[in-house]
Amino acid sequence: MTAFAVFAPLVRALTGGRSPARMRAKTTHGLPLDREWDNLLAELGLPRTAFQDVVAAGTLHPHFHYRHFTKPKKDGGRREIVEPDSKLKRVQREIIVRYFKAEQPHSAAVAYRKKKSIAHHVWPHAGAELLITADVEDFFPATSARRVEDWWDERVGPGRARLLTLLTTYRGGLPQGAPTSPELSNFLNRELDERLARRADAAGASYTRYCDDMVFSWRHWPGPPSDFENGVRAVLHEFGYTLHPKKGWRMHRGRDEPEITGVVLTRRGRVRLPDHLRRTMHTLRYSDDPRDADRLAGYVGYQAMVRKRPRR
C-alpha cells in the first residue's frame, strides 16, 4: 500500500471530503463553454459574456438568481428550498443533457434514477431480523462546492470546472431545488457508497441509500459488530457529512414491522403502506369530490409499486 493510500482518508476528512489529488490551484483561463452555448444564451436574453462574467466575479449575479422558500417536513419542522430562476434552471437542465448521460452512480444509490424507486430501497431489507436506519443531516448543503469542483475538474478541466461549479452550487453546497443537485449528489458519492457497501458486506449486512436515508440490514443475528456505527460515522465524516442528531441512527427489529422511508416492512417479509396512508385511501374511496378520484388513483399506483418486489 502506498503512502498516498494510507493518508488519503485523513486528508479527505480534513478537507471536507475533497479528493487529495484535486487539491491544487484553479485557473479561470481557457473557457470555451460560452462559445458552445451562444444559442442558449441568446435564447435566454443573456449577453454572450454571461458565463465569463460569472467566472470573473465568482458569483451568479447579476445574470442568475435563486429564491428561498420552505416546505413542511413530516417531523413538523420546515425544509428550506432554494430554487433557481427560470434562466438558471434552463442552463442547469442543459448541463444534465450534456454531461450526465455518461455518469453512473453506485448500485446502492437508488434515488433519482430512471426505473428505480422507493421499492428498490426497501425491498433488499424485507424479511431482515435487524435493521439500522441512518439519516444524514442537511444532505444537499453538506455536499460541498469544493467536492463538486473537484468532480467537474476530473471531467472537463479546471476552466470549465469553475464555471460548472458556480452554475450547480449555491452558498457552498448543492442547492436543494436545482434540477442538477439530485444526480450530482449520487455521482459525487459513488466512492462513499462503495466504502459503506464494503463495510456492510464485511459485517454481513445489506446496504442501500435513498438520498439522505441509508438502511443497513441483517437477515440473522448477531447483527452489526460493536464498532459498526463508529465506522459508518467515520466514513461519512471523511466526505463532509454528519448524522442527524435526533434520527440519525436507529435500530429496528424486523418483527416490529418498522416504517422505512415511508413504507412498512412486515414481519412476513413483505412491504405495505403505513396505516395512515391506508386510512387516507379509504376516505378518498368514499369521497363525493371528483378531484379525490385522481388523488386515490395516485395512492393506488404508489401502493402497487411498493408492494411488488422489483426486478434486480
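Biologist: Where is C211 found?

Modeller: In this predicted model, C211 is found in the loop between β4 (206-210) and β5. Helices (H or I, at least four residues) and strands (E, at least two) are DSSP runs, numbered from the N terminus. Residues are numbered from 1 along each chain as its sequence is written, and side-chain values use heavy atoms, with hydrogens and water left out. Local features need pLDDT of at least 70 and side-chain atom pairs count only at pLDDT 80 or more, while totals for chains, interfaces and linings use all residues.

Biologist: Why is C211 called buried?

Modeller: The relative accessible area of C211 is 9%. Buried means under 20%, exposed over 50%, and partly exposed in between (1.4 Å probe, protein chains only). C211 therefore counts as buried.

Biologist: What is said of the phi of C211?

Modeller: C211 has a positive phi of about 60° although it is not a glycine. Most residues other than glycine have a negative phi, and most peptide bonds are trans.

Biologist: Which value makes D138 exposed?

Modeller: D138 has a relative accessible area of 53%, so it is classed as exposed. D138 is found in the loop between β3 (130-135) and α7 (139-142), and its phi, near 50°, is a positive value in a residue other than glycine.

Biologist: Which peptide bond at P62 is cis?

Modeller: The bond from H61 to P62 is cis, with omega near 5°; P62 belongs to the loop between α4 (50-57) and β1 (66-72). A cis peptide bond also joins W221 and P222, where omega is about 15°. P222 lies in the loop between β5 (213-218) and α12.

Biologist: What makes R195 and E238 a salt bridge?

Modeller: A salt bridge is a side-chain nitrogen of Lys or Arg within 4 Å of a carboxyl oxygen of Asp or Glu. The side chains of R195 and E238 meet at 2.9 Å, N to O, and form such a bridge. The pair links distant parts of the chain, with R195 in helix α11 (residues 190-202) and E238 in helix α12 (residues 228-238), 43 residues apart. Both R195 and E238 are buried.

Biologist: How far apart are the closest N and O atoms of E83 and K89?

Modeller: They are 2.9 Å apart, and E83 forms a salt bridge with K89. Both E83 and K89 are buried.

Biologist: Why is R155 called partly exposed?

Modeller: Its relative accessible area is 36%, and R155 is therefore partly exposed. E154 is also partly exposed, at 46%. R155 forms a salt bridge with E154, the closest N and O atoms being 3.2 Å apart.

Biologist: How many salt bridges does the structure hold?

Modeller: The structure holds 18 salt bridges. E257, R267, R272, D275 and R278 are linked in a network of them.

Biologist: How do you know that the side chain of T169 makes a polar contact with T165?

Modeller: A polar contact is a pair of N or O atoms within 3.5 Å; within protein, one must be able to donate a hydrogen and the other to accept it, and residues adjacent in sequence count only if both atoms are side-chain atoms. The backbone oxygen of T165 lies 2.6 Å from a polar atom of the side chain of T169. T169 is found in the loop between α9 (158-168) and α10 (181-188), and its relative accessible area is 8%, so T169 is buried.
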